[in-house]
Amino acid sequence: MMNDKLVFLGLLYFIQGIPYGLQSSLLPVYLRGAGHSLTRISFTKILYFPWVLKVLWAPLVDRTGTKRCWLVGTVAGLALTCLVSATISPNVQYMAVAGSLLAMNVLASVQDIAVDGAAVRLLKGQGELGLGNTVQVVGYKAGSVFAGGGLLAVIDVAGWGWMFALLACVYGGVALFVWGAPVLDGESVWGQGEGRRGSKDVMQPWKVWRKLLSVPGTPWMMCYVLTYKLGEQGAITMFPLFLLDHHMTARELGVWNGVVAMAFSICGSSIGGFLLSQYSIGMLMRRVFMMRTVSMVFQSSLLVVLEPSPLMKGMAVLSLSLQHFIAGLITTLTFTTMMNCTQRAEESIQATHYSFLATLEVLGKLSFSALAGGMVDTVGFPIAFILFLFLTSSSALHVWRATETGVLKEQLKEQPK
């Protein structure tokens, strides 16, 4: 039964990562090759906005219909969108491309709400939560790599139309799989107690938000997910650019930061699930956050070595790999902690609660990534990395205090089930 859950969730998170991979890696290269300006290509980033707004329609997904219907509907909608996209000529129909991307992001964001709600209800105990969130993180990254790397490698041969026709087949097959998935067979039982009351509350959003914010541990989680990646995001964004300025070529950086580092990130996310089946999440978070702080000290110390050398390149690669490994591990721990907090909410608002926390997590990462470049331009790499180190240390202290006196105190001694 557990394997069925993991396959079900892994497949849905995999296809959820495809639109991100298309938009972040494949389309910029393809559109630039088709002659579009950098301004037009950058404009496509705005089309991510449905992911920020998804918390607004999360109560609707929570309170109406079933998760199976929402999942089948959104995945089938993605298949139809891909079929329409296959008929577009990206060389001349830029707005049509933008419209198809927007539709894919809207549908994928709704699918995300439904699959997160299903995961919260399907996964029981810390062991299952750890494995389930490992599948979530790794599946999403794998889908992104498949779309952004794998399809980019064949698009020149297959062409735009055949590529989207292939994606339509993938989404159509998954829609059929979800329609018959046995793991959702007990779903009707979940919603019986909340049906009528839920349909009334969805028309009164202030009641939903009051319930959401009253869930135990939510205020701490809100602060945590907004801030836990700040220093790390600054370093991950800026350190490769420092290496490009002083030590590495773009090709070297593409291999080490784009391929090897991503492999370490996926490895860290995968190991996170195994560790959660063996140790309490509170103890793991204390130790891993301290490891990340030490890693940041090591990476920051490399900034003073400006002369390129084989030793420096080796230390830089080691730093990148270690940083992405720990980042992947922390991501799995964080999403598990978020889901553990969401499971304390009543079932009628669980998908909304989790979507709210996930939206804050995205906002925290994206906002600081956007500011990091200006910060480095203003104060320089050394001062900026001192700030990144301060933020990283502060998040480690935030976690440590929570395991001593806050919401993670009970989980420090809790044994996996």
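**Overall features of the predicted model**

The protein chain has an average pLDDT of 81, and 83% of its residues score at least 70; pLDDT is the predictor's confidence in each residue, from 0 to 100. The model is predicted, and local features need pLDDT of at least 70, side-chain atom pairs count only at pLDDT 80 or more, and totals for chains, interfaces and linings use all residues. Residues are numbered from 1 along each chain as its sequence is written, and side-chain values use heavy atoms, with hydrogens and water left out.

The secondary structure of the chain consists of 18 helices and zero strands, where helices (H or I, at least four residues) and strands (E, at least two) are DSSP runs numbered from the N terminus. Of the 417 residues, 51% are buried, a class defined by under 20% relative accessible area, with exposed meaning over 50% and partly exposed in between (1.4 Å probe, protein chains only).

An unreviewed UniProt entry annotates residues 160-181 and 318-339, among others, as "transmembrane region"; UniProt positions are given in the numbering used here, feature names are shortened, and such annotations may be inferred rather than shown by experiment. Residues 160-181 are 91% helix and 0% strand, with end C-alpha atoms 32 Å apart.

L53 lies in helix α3, which comprises residues 49-63. This residue counts as partly exposed because its relative accessibility is 31%.
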